[in-house]
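Hi,

Here is the structure I said I would pass on. Please open it first; my notes follow below.

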Amino acid sequence: MEYKIGLIRGDGIGPEIVNEAKKVLDAVCAKYGHAFCYRDMLLGGASIDANGVPLTEETIREAKACDAVLMGSIGGDANTSPWYKLEPSKRPEAGLLGIRKALNLFANVRPAYLYEELKEACPLRDEVIGRGFDMVIMRELTGGLYFGERKTYEENGLRTAVDTLVYNENEIRRIARRAFDIARKRRKKVTSVDKANVLDSSRLWRAVVEEVAEEYPDVALEHMLVDNCAMQLVKDPGQFDVILTENMFGDILSDEASMVTGSIGMLSSASLNETSFGLYEPSHGSAPDIAGQNIANPLATILSAAMLLRYSLNLDKEADAVEAAVKAVLKEGYRTGDIMSEGCRKVSTTEMGSLVASKI
């Protein structure tokens, strides 16, 4: 089969890690007889440098013409990069928010899985880890506080800022159904996270999620306040299967979950719309301090490519092969610096990519 894959190499370490994920995808093509036609496009800081804006209409058009898009990280050092001297709407992250909105990528899927080989990197005690954990965080991505109206003004001599948190029932219902669909294929449990004891938006969230749950009698639903969920993630992460939550809460909780696994460099993510199209990226940032040094961990991006194969191209066997290749390389003791432990062999970004590709 032939597929069109968009590549947004991004900023910082983005080009390095995308190159290694592409190497693995090429190995999949060679093994299974597929053809991937790659289309490069710009976003974030790279787009600012080339076009003066973080997202162009051309990038949106090219992305829409693809079956899926694989992206490296975008952005730079907020303290030193000239990108962050621009007004907020012209900064790299505005491009990311813009493409999510333009492509209607409302569902962000972030797995958090503890590899047996990386237990030593987990900051939690053995008795807390237990037999490990395997969860998915389903985060609503195009509504809420990040997309509400905002303004900064002066009132009575005081600088004042307002951000607006808005959700309607349709936005909540569609992300809830995605969460229940995924839970139905896993361990059949959804934990819906909100702040319903304080926020009207959360009270609506809880009511709509309960309505959706009636459509899935085989899936258990529990509600949890966001502050309690943050605590439970470090107290007993094994209790979670699918965590469903709104945009800002999901942003925070998914980063917490990533560090519980031992390294954010291992965590993939998918941003999906109502079709099979998705944008796939690692959960970590652009790490400009190590860019160009060939030491970044490409595994989160490689695992994001596996999600691309599974969710957008419906190539489950090929996705399984990529995930198995990552596990095999870890089992043989190869590590990048961020997941290095005693007795293992330290490898570079390109070496790790080649090792995974060789196991396909």
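Helix α10 crosses α11 in a left-handed sense. Keep in mind that this is a predicted model.

The helices span residues 299–311 (α10) and 316–331 (α11). Their axes lie 7 Å apart, at an angle of about 160°. Angles over 145 degrees count as roughly antiparallel, and α10 and α11 are therefore roughly antiparallel to each other.

Who makes the contact? From α10 come Leu299, Ile302, Leu303, Ala306, Leu309 and Arg310. From α11 come Asp316, Glu318, Ala319, Asp320, Val322, Glu323, Val326 and Leu330. By class, nine residues of this contact are nonpolar and five are charged. No polar residue takes part.

- Asparagine 294 sits in the loop between β12 (278–282) and α10. Its phi is positive, about 60°, although the residue is not a glycine.
- Asparagine 314 sits in the loop between α10 and α11. Here too phi is positive, about 60°, and again the residue is not a glycine.

Are these residues buried or exposed? Asparagine 294 has a relative accessible area of 28%, so it is partly exposed. Asparagine 314 has 62% relative accessibility, so it counts as exposed. The cut-off for exposed is over 50%.

To recap: α10 and α11 pack roughly antiparallel, and asparagine 314 lies in the loop between them.

Best regards

Definitions and conventions
Residues numbered from 1 in each chain as written. Predicted model: local features only at pLDDT ≥ 70, side-chain atom pairs only at ≥ 80, totals over all residues. Heavy atoms only, no water. Axes fitted to C-alpha atoms, helices over the stretch in contact; angles between N-to-C directions. Helix = DSSP H or I, 4+ residues; strand = E, 2+ residues; numbered from the N terminus. Parallel < 35°, antiparallel > 145°, perpendicular 65-115°, else oblique. Left-handed = near helix turned anticlockwise from the far one by under 90°. Contact = heavy atoms within 4.5 Å. Nonpolar A, V, L, I, M, F, W, Y, C, P; charged D, E, K, R; others polar. Buried < 20%, exposed > 50% of the residue type's maximum accessible area, 1.4 Å probe, protein only.
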